[in-house]
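Visitor: I am new to this structure and would like to go through it in plain terms. Please show it to me.

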Amino acid sequence: MIDWLIRHFIPNADDTANAAVRTAYGQFAGIVGIVCNVALCVAKGAIGIVAGSVSIVADAVNNLSDAASNIVSLLGFKLASRPADPEHPYGHGRYEYLAGLVVAALVLAIGINLVGSSVEKIFHPTPVEFNGTLVLILVLSIAVKFWMAAFNRTIGRRIDSETLQATAVDSRNDVISTAAVLASAAISHVCGIQLDSVAGAAVGAFIIWSGIGLVRDTVNPLLGQAPSPELVEHIRAKIMSYPGVLGTHDLMVHDYGPGRQFASAHVEMAAEADPMESHDLIDDIEQDFKNDDGLIVTLHYDPIVTDDPTVNDMRNWINQAVKIIDPRITIHDLRTVPGPTHTNVIFDCVRPTDLPLTEEQLRRRVKQIVADHYPRTIVKVTIDESYVSSEQ
């Protein structure tokens, strides 16, 4: 049914790389969410007031806040679709991340409010009416919210949207909270034990825990989190697949919103090759990334001497030797300047961000390792920071 709705209401639904199609997905999800949540709020609010149940009324208010979240998501997708302008040359895609953060904050606020009202009800309990209409409304609510969780998760994954993923989690929380409300009402009716307020507090605590996780997940892209291991490996593998490429390093990925990623890297190629041909190949790689992945990549050409066995051996030895400090450390751009009394050895060393050594401490360790093995050298090391995660 979800696929039928998508294909019926979203033209060119398979072209998710298209910004207009992506916006249509987000707006469609927002409208569906608003309609469903308003209907649930009205139905549960009415039955909750009649039954005198604080947990059902709180659940209804939760649905109202969900509708507000859907409005925020709708607005976020609309703002994120605005084209680049002179003040924002990379576009407005991060509005979607901001919308996801607002949704997460609303989830957290609802959880805190639900815990507060439920705790108060524990000390001032009131009887809860239990009837077939109440059961029917809550069962229908569970079914609708279960479908909405699947709906938002499907679309969120299809267009890689943190906002819709957060909305899917919120809908899943509603399934759990409404099921808990129904269970507590049934137990209270059968056993005569008032569990309404206890269930409300437990549900509120669960929503708070979930809200904290959503806030963390939506804040990370805004703070500039490391690119995913899958993206890093894809970029590296694609660059290395071209003939003539010897290595790549200094990868950086900048995220300006879903579908708006920019990357830069250095590409090592033989210094003995025709520089015009090397430059032409780099242009081809950049264009292929744009055409195939929608990724704007800027590559820097690093010429590497490959016809000097002494330099090659030194490069390979140093690259392995520095791993005694940390297996993740690598070197690149090694060159030598021979002289009558000594040889200058110059290279860059990539330092993992979580390495316990400072930049200067690492530089001294590396220089000592090289000098011990090559005593007639003067080592000059530039320390580079890694901009991908330490696991990569």
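Guide: A contact means heavy atoms within 4.5 Å. This is a predicted model, in which local features need pLDDT of at least 70 and side-chain atom pairs count only at pLDDT 80 or more, while totals for chains, interfaces and linings use all residues. Residues are numbered from 1 along each chain as its sequence is written, and side-chain values use heavy atoms, with hydrogens and water left out.

Visitor: How many helices and strands does the chain have?
Guide: Helices (H or I, at least four residues) and strands (E, at least two) are DSSP runs, numbered from the N terminus. On that basis the secondary structure comes to 11 helices and six strands.

Visitor: Is the chain compact or spread out?
Guide: The radius of gyration is taken over C-alpha atoms, and the globule rule is 2.2 Å times the number of residues to the power 0.38. The C-alpha atoms fill a box of roughly 95 × 45 × 35 Å along the principal axes. For 392 residues the rule gives 21 Å, and the chain is well over that at 29 Å, so compared with a compact globule it is more spread out.

Visitor: What percentage of the residues is buried?
Guide: Buried means under 20% relative accessible area, exposed over 50%, and partly exposed in between (1.4 Å probe, protein chains only). Of the 392 residues in the chain, the buried ones make up 44%.

Visitor: How far apart are the centres of the positive and negative side chains?
Guide: Lys and Arg count as positive and Asp and Glu as negative, while His and the chain ends are not counted. Each charge is placed at NZ of Lys, CZ of Arg, CG of Asp or CD of Glu. The chain has 28 positive and 45 negative side chains, and the distance between the centres of the two sets is 5 Å.

Visitor: How many aromatic pairs are there?
Guide: Rings of Phe, Tyr and Trp (its six-membered ring) pair if their centres lie within 6.5 Å; planes under 30 degrees apart count as stacked, over 60 as edge-to-face and the rest as tilted. By this rule the number of aromatic pairs is six.

Visitor: Are the rings of Tyr90 and Tyr256 stacked or edge-to-face?
Guide: Tyr90 is in the loop between α3 (54–80) and α4 (94–123), and Tyr256 is in the loop between β1 (245–255) and β2 (261–270), so this pair links parts of the chain 166 residues apart. Their ring centres lie 4.2 Å apart with 5° between the planes, and the pair is stacked.

Visitor: Which arrangement do the rings of Tyr256 and Phe262 have?
Guide: Phe262 is partly exposed, at 23% relative accessible area. The ring centres of Tyr256 and Phe262 are 5.7 Å apart and the planes stand at 80°, so the arrangement is edge-to-face.

Visitor: Which residues form an aromatic cluster with Phe28?
Guide: One aromatic cluster takes in Phe28 and two further residues.

Visitor: Is Ser161 buried or exposed?
Guide: Ser161 is placed in the loop between α5 (132–158) and α6 (162–191). Setting aside residues up to four places away in sequence, Ser161 touches Arg22, Phe77, Glu96 and Gly156. Its relative accessibility is 1%, and Ser161 counts as buried.

Visitor: What is the phi of Asp160?
Guide: Asp160 lies in the loop between α5 and α6 and is exposed, with a relative accessible area of 59%. Asp160 is not a glycine, although its phi is positive, at about 55°.

Visitor: Where is Asp250, which also has a phi near 55°?
Guide: Asp250 is a residue other than glycine with a positive phi. At 22% relative accessibility, Asp250 counts as partly exposed. Asp250 is found in strand β1.

Visitor: Which residues are in contact with Ser141?
Guide: Ser141 is found in helix α5 and counts as buried at 1% relative accessibility. Leaving aside neighbours within four places in sequence, the contacts of Ser141 are Leu40, Lys44 and Thr178.

Visitor: How far apart in space are Asp308 and Ala109?
Guide: Asp308 sits in the loop between β3 (296–304) and α10 (309–321), and is partly exposed at 28% relative accessible area. Asp308 and Ala109 are 199 residues apart in sequence, and their C-alpha distance is 65 Å.
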